[in-house]
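Hello,

Here is the structure we talked about. Please open it before reading on; my notes follow below.

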Amino acid sequence: MIGRFLLGLIKGGLIGAAFGYGAFRAGISTGGIAIGVYGAVGAVVGLVCGRPLWRHDTIWTPILKAVFGFGLGVGVAFAARKWLGGVHLPVSVIPGSAEHAFPGVPTLMGPAVGIVYGVLVEIDDAIGSDSSKSGA
């Protein structure tokens with residue numbers, strides 16, 4: 001279980017960091033496009049984390065994970081803007097973090113969204129695979 005937690009943390013963090021860095025380089029930090037970027041992070045994490053795409057019984061399971069991930073990414077972004085709008089994390093290594101609040105720094109928000117959903121998907125798939133093995 002701890003291994004799956006760490007795997008979700010790494011996979012989700014890397015995907016979120018890649019999308020966050022891309023959004024930072026494109027100059028996207030606020031607005032609807034940024035919300036869409038965080039939704040895309042959730043969708044890609046839903047496809048990549050957990051059981052591989054070719055191991056699912058149907059194609060609908062990864063699609064549903066991606067759709068739910070998009071919604072979760074958008075929801076986390078809205079919640080962060082509402083409740084963490086004044087939180088500043090002045091980390092000198094991360095560009096833009098000293099000037100903007102946490103939700104306005106895509107290199108921080110992208111990994112946060114990816115890690116949250118990546119850990120959830122990995123743990124969910126680990127629990128599901130344990131129960132199916134014990135029943136067989």
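Which residues are linked in a network of salt bridges? They are R4, K11 and E122. Bear in mind that this is a predicted model.

First, confidence. The protein chain averages a pLDDT of 84, and 89% of the residues score at least 70. Helix α2 (residues 32-48) has the highest mean among the elements, 92. Helix α4 (residues 106-135) has the lowest, 79.

Now the salt bridges. The whole structure holds 3. R4 pairs with E122, with the closest N and O atoms 2.9 Å apart. R4 lies in helix α1 and E122 in helix α4, so this pair ties together parts 118 residues apart in sequence. E122 also bridges to K11, at 3.3 Å between the closest N and O atoms. K11 sits in helix α1, 111 residues from E122. E122 counts as buried, at 0% relative accessibility.

The remaining bridge joins D125 and K65, with the closest N and O atoms 3.6 Å apart. It links helix α4 to helix α3 across 60 residues. D125 and K65 are both buried.

Last, the core. The largest nonpolar core has 20 residues. Helices α1, α2, α3 and α4 each give two or more residues to this core, and α2 gives the most, with 6. Y38 is one of the residues with the most contacts inside the core. Beyond its sequence neighbours within four places, Y38 is in contact with residues including G73, A77, R81, P103 and M109.

Best wishes

Definitions and conventions. Residues numbered from 1 in each chain as written. Predicted model: local features only at pLDDT ≥ 70, side-chain atom pairs only at ≥ 80, totals over all residues. Heavy atoms only, no water. pLDDT = per-residue confidence, 0-100. Helix = DSSP H or I, 4+ residues; strand = E, 2+ residues; numbered from the N terminus. Core = buried A, V, L, I, M, F, W, Y, C linked by side-chain atoms within 4.5 Å. Buried < 20%, exposed > 50% of the residue type's maximum accessible area, 1.4 Å probe, protein only. Contact = heavy atoms within 4.5 Å. Salt bridge = Lys/Arg side-chain N within 4 Å of Asp/Glu carboxyl O.
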